[in-house]
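The following paragraphs guide a new reader through one protein structure. Please keep the sequence and the model in view while reading.

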Amino acid sequence: MPTSEEERLIEAIELLFFSYRDFTSDPDTILEEIGFGRAHHRVVHFVGRNPGITVASLLDILRITKQSLARVLREVIERGYLVQQTGEKDRRQRRLYLTEAGAELWERLVAPQRERVREALAASGPGGETAWREVMFSLLDEAQRPDVEKIIIKEP
């Protein structure tokens, strides 16, 4: 029988699972309509947030195999949501950009998630956003925190 502390931790883990399930539900519905899945979502999201990102950098962020990414990229490019361009300075680089249709898809996918997070943070009261960010960063491997912070924090 778990102790009360262990039980609280298990509840927190389950809460994270259920929150993620609901957080991804709206985008999953949109993706299903066009025959895409979560891997496509992640590619569209990170290219949308980082126009001109290299394939190598995207592989680092997603931590998937080249083969898996190649399949997803091919599908997203063929469907007209993404373009790939050769790097200007380094011709070996492949840089990725959303097309107009890709930008529209990115907005459709992020809009319900943005609203869900907005409502949750508002409901958490003063200090809720700071506490939530601290918990999320603390869940990351310590060595990855600076890299993740560089990726997610955009200067206005």
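Two elements count as roughly perpendicular when the angle between them is 65 to 115 degrees. The model discussed here is a predicted one.

The protein chain contains seven helices and three strands. Read from the N terminus, these elements follow the order α-α-β-α-α-β-β-α-α-α. Taken along the principal axes, the C-alpha atoms fill a box of roughly 55 × 35 × 35 Å. The protein chain has 156 residues, and 23% of them count as buried. As for contacts between residues at least 6 apart in sequence, 53% join residues at least 24 apart.

The pair of helices mentioned above is α1 with α2. Their axes come within 10 Å and cross at roughly 90°. Because an angle of 65 to 115 degrees counts as roughly perpendicular, α1 and α2 are therefore roughly perpendicular to each other. On the side of α1, the contact is made by Tyr20, Thr24, Pro27, Asp28 and Leu31, while α2 contributes Arg38, His41 and Arg42. Sorted by class, this contact of α1 with α2 has three nonpolar, two polar and three charged residues.

Leu31 belongs to helix α1. Is Leu31 buried or exposed? With a relative accessibility of 1%, Leu31 counts as buried, because the term applies to residues under 20% relative accessible area. When residues up to four places away in sequence are not counted, Leu31 touches Phe36, Gly37, Arg38, His41 and Leu109. Val55 lies 24 residues from Leu31 along the chain, and the C-alpha atoms of these two residues are separated by 22 Å.

Helix α1 also holds Leu9. At a relative accessible area of 48%, Leu9 is partly exposed, since that term covers the range between the 20% limit for buried and the 50% limit for exposed. Leu9 and Thr29 are 20 residues apart in sequence, and the distance between them is 31 Å in space, C-alpha to C-alpha.

The largest pocket has a volume of about 2,600 Å³. Its lining comprises 47 residues, and Tyr20, Phe23, Trp132, Met136 and Ile152 lie nearest the centre of this pocket. Two or more lining residues come from each of the elements α1 (4-33), α2 (38-49), α3 (55-62), α5 (100-124), α6 (128-139) and α7 (145-152). Which element gives the most to the lining of the largest pocket? That element is α5, with 10 residues. By class, the lining of the largest pocket has 24 nonpolar, nine polar and 14 charged residues.

The most comes from α4, with six residues. By class, the lining of the second largest pocket has seven nonpolar, three polar and four charged residues.

Arg63 is found in the loop between α3 and α4. Although Arg63 is not a glycine, this residue has a positive phi of about 55°. Arg63 counts as exposed because its relative accessibility is 55%, and exposed means over 50%.

Thr99 is placed in the loop between β3 (94-98) and α5. What is the relative accessible area of Thr99? The value is 18%, and Thr99 is therefore buried. Not counting residues up to four places away in sequence, Thr99 touches Gly80, Tyr81, Leu82 and Val83.

Key:
Residues are numbered from 1 along each chain as its sequence is written. This is a predicted model: local features need pLDDT of at least 70, side-chain atom pairs count only at pLDDT 80 or more; totals for chains, interfaces and linings use all residues. Side-chain values use heavy atoms; hydrogens and water are left out. On a 1 Å grid over the protein atoms alone, a cavity is a set of points where a 1.4 Å probe fits but cannot get out, and a pocket is an open set with protein on both sides within 12 Å along at least five of seven lines; lining residues have an atom within 4 Å of a point. Grid points are joined across faces, edges and corners, and a volume is the space filled by probe spheres set on the points. Helices (H or I, at least four residues) and strands (E, at least two) are DSSP runs, numbered from the N terminus. Ala, Val, Leu, Ile, Met, Phe, Trp, Tyr, Cys and Pro count as nonpolar, Asp, Glu, Lys and Arg as charged, and the others, Gly among them, as polar. Axes are lines fitted to C-alpha atoms, for helices over the stretch in contact, and angles run from 0 to 180 degrees between N-to-C directions. Angles under 35 degrees count as roughly parallel, over 145 as roughly antiparallel, 65 to 115 as roughly perpendicular and the rest as oblique. Contact means heavy atoms within 4.5 Å. Buried means under 20% relative accessible area, exposed over 50%, partly exposed in between (1.4 Å probe, protein chains only).
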